[in-house]
Amino acid sequence: MPPSESMEPWRVKKNCRVCDSSHLIKYFDFGKMPLVDSFIGAGEPGDLRIPLEVMFCPACAHSQLSAVVDPKVLFSDYLYHSSVSRTFSRHCNSMARDLKKLFSGRNNLKCLDIASNDGCLLIEFQKEGYQVIGVDPAENLCRLAEENGVPSIAAFWGMDAAKKVVQRLGKLDVITATNVFAHVDDLHGFLEAVYAALDDEGILVIEFPYMRNLIKYNEFDTIYHEHLSYFLIKPLLTLFHQQGMKLMNLAEFDIHGGSVRVFVSKESNKKIPVNEKAIQHFLELEQKEGLHTLAPYVNLQKNAQKIREALRERLRELRALGKKIAAYGASAKGNTFINYCRLDLNDIGFIIDDTPHKQGKLYAGTHIPVVPQAWLRQEKPDYVLILAWNFASEIISKSPEYQTQGGKYIIAIPELKII
Ligand code: TMP
Ligand code: ZN
């Protein structure tokens, strides 16, 4: 581990970012891993490798990484384009409509999206008549969002960004933070800035992959350096309370391998009743499954090892038969998976991805090339490992002829299957 004054672009986080306890227990050790979402262009230098370890806090049941990579290294030229996925666009659209119902009768609602990416979510809010603004650290994505008609500020979320937003739009009725909360090192600072920008009757909506599903479905590949935290409901209650906020309601849905959407308001907001029953339901499930204790987390690493062994064995057999194997979906989790399973160019010839910016680049770590979908028809792999298993049905439905011509798919999570 590097000393704090070192030039390394990462540091060690010793205390729980929810409750500040220094007693943390390591339960999943990937060893040194590349930054899974950094793609390598032609002639660019090789990859940085940084320890990837997950720690459990027995005091509050929060899970977090031991290493915090400098966010500038991770996010300033982010390649993730939400709009690529129709599933995600539909999801944003239903959120825009659902939220509007909570404010029934009010016009001119104002919405801020934190980590607004290419503006995909805010476009749906604009369709519902909201005034919108996005904040995202990636300048390339902000430019893209502006081109899509979504006003955007290129910044990391914090008090400075909050002030800029309030200057431009006033206090917000809705603040959305979908798929960013797990990336945040200073959760308390993040929420302080939300508190400052949120109207007293406003609602904060946070979506994050639910740790209960990660454990239940062996989604160990969703562990990577960008995901600093792995959330359960119990520690979140502690966190919101410390920031003068309260959980009002929550719901689970099927995106990114099983996420939870939480509705949070200022503690002083009495307008919308707290759904105690729903909160209790989640807490009881977590309790019943032992998620506030270490045991299920230790089990996760054992299950991951089993998946790795089963897949490696199967690929060995297929290679011996001369089969050609490719992959689909050059997602970050796919790269965790490839590296954890110690697969390389000998195992996987290429990875198809429909995101134009990823095509022509190499996957960090293994340098497997990322290519467009046309390669499926040209190269005719016998097997395609779907790394983006959360979009498996969308990916499969895009190329019906691949299967009718005998092509097969491999999905490895939650367990190995061939279809
Ligand atoms: P994600 O799970 O991190 O969202 O990544 C999904 C990846 O899969 C992303 O790189 C885009 C890619 N993808 C395709 O290439 N084609 C598709 O049809 C879908 C849904 C995703
Ligand atoms: Zn803690």
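Colleague: At 5% relative accessibility, does C60 count as buried or exposed?
Modeller: Before that, this is a predicted model, where local features need pLDDT of at least 70, side-chain atom pairs count only at pLDDT 80 or more, and totals for chains, interfaces and linings use all residues. Residues are numbered from 1 along each chain as written, chains are lettered from A and ligands numbered from 1 in written order, and side-chain values use heavy atoms, without hydrogens and water. Buried means under 20% relative accessible area, exposed over 50% and partly exposed in between (1.4 Å probe, protein chains only). At 5%, C60 therefore counts as buried.

Colleague: Which protein residues are the donors of the zinc ion (ligand 2)?
Modeller: Look for SG atoms lying 2.3 to 2.4 Å from the zinc ion; donors are N, O and S atoms within 2.8 Å of the metal (3.2 Å for Na, K and Ca). In sequence they follow the spacing C-x2-C-x37-C-x2-C. They are C16, C19, C57 and C60.

Colleague: And what arrangement do the four donor atoms make around the zinc ion?
Modeller: Check the angles they subtend at the zinc ion, which run from 102 to 115°. Four donors count as tetrahedral if all angles lie between 85 and 135 degrees. These angles make the arrangement tetrahedral.

Colleague: How many residues apart in sequence are the parts that C19 and C60 tie together?
Modeller: C19 lies in the loop between β1 (10-12) and β2 (25-34); strands are DSSP runs of E with at least two residues, and helices runs of H or I with at least four. C60 lies in the loop between β3 (49-56) and β4 (63-65), so the pair ties together parts separated by 41 residues.

Colleague: What about S63: which side chain does its own side chain join in a polar contact?
Modeller: S63 sits in strand β4 and is buried, with a relative accessible area of 1%. Its side chain makes a contact of 2.7 Å (a polar contact is an N or O pair within 3.5 Å). The partner is Y27.

Colleague: Moving to ligand 1, which helix gives the most to its shell?
Modeller: In total, 17 residues surround ligand 1 (a heavy atom within 4 Å), and the closest are K333, D353, D354, K358 and K398. The top contributor spans residues 392-398 and supplies three residues. That's α13.

Colleague: Which residue's side chain has an N or O atom 3.2 Å from an oxygen atom of ligand 1?
Modeller: A nitrogen atom of ligand 1 is 2.6 Å from a side-chain N or O atom of D354. On the oxygen side, K358 has a side-chain N or O atom 2.6 Å away. The 3.2 Å distance belongs to N390.

Colleague: What is the phi of K380?
Modeller: K380 is in the loop between α12 (374-379) and β17 (383-386). At 53% relative accessibility, K380 counts as exposed. Phi is positive here, in a residue other than glycine, and lies near 45°.

Colleague: And what is the phi of H367?
Modeller: H367 is found in the loop between β15 (351-352) and β16 (370-371). H367 is partly exposed, with a relative accessible area of 29%. Though not a glycine, H367 has a positive phi of about 60°.

Terms used. Four donors count as tetrahedral if all angles lie between 85 and 135 degrees; four count as square planar and six as octahedral if opposite donors are over 155 degrees apart and all others between 65 and 115; anything else is irregular. A polar contact is a pair of N or O atoms within 3.5 Å; within protein, one must be able to donate a hydrogen and the other to accept it, and residues adjacent in sequence count only if both atoms are side-chain atoms.
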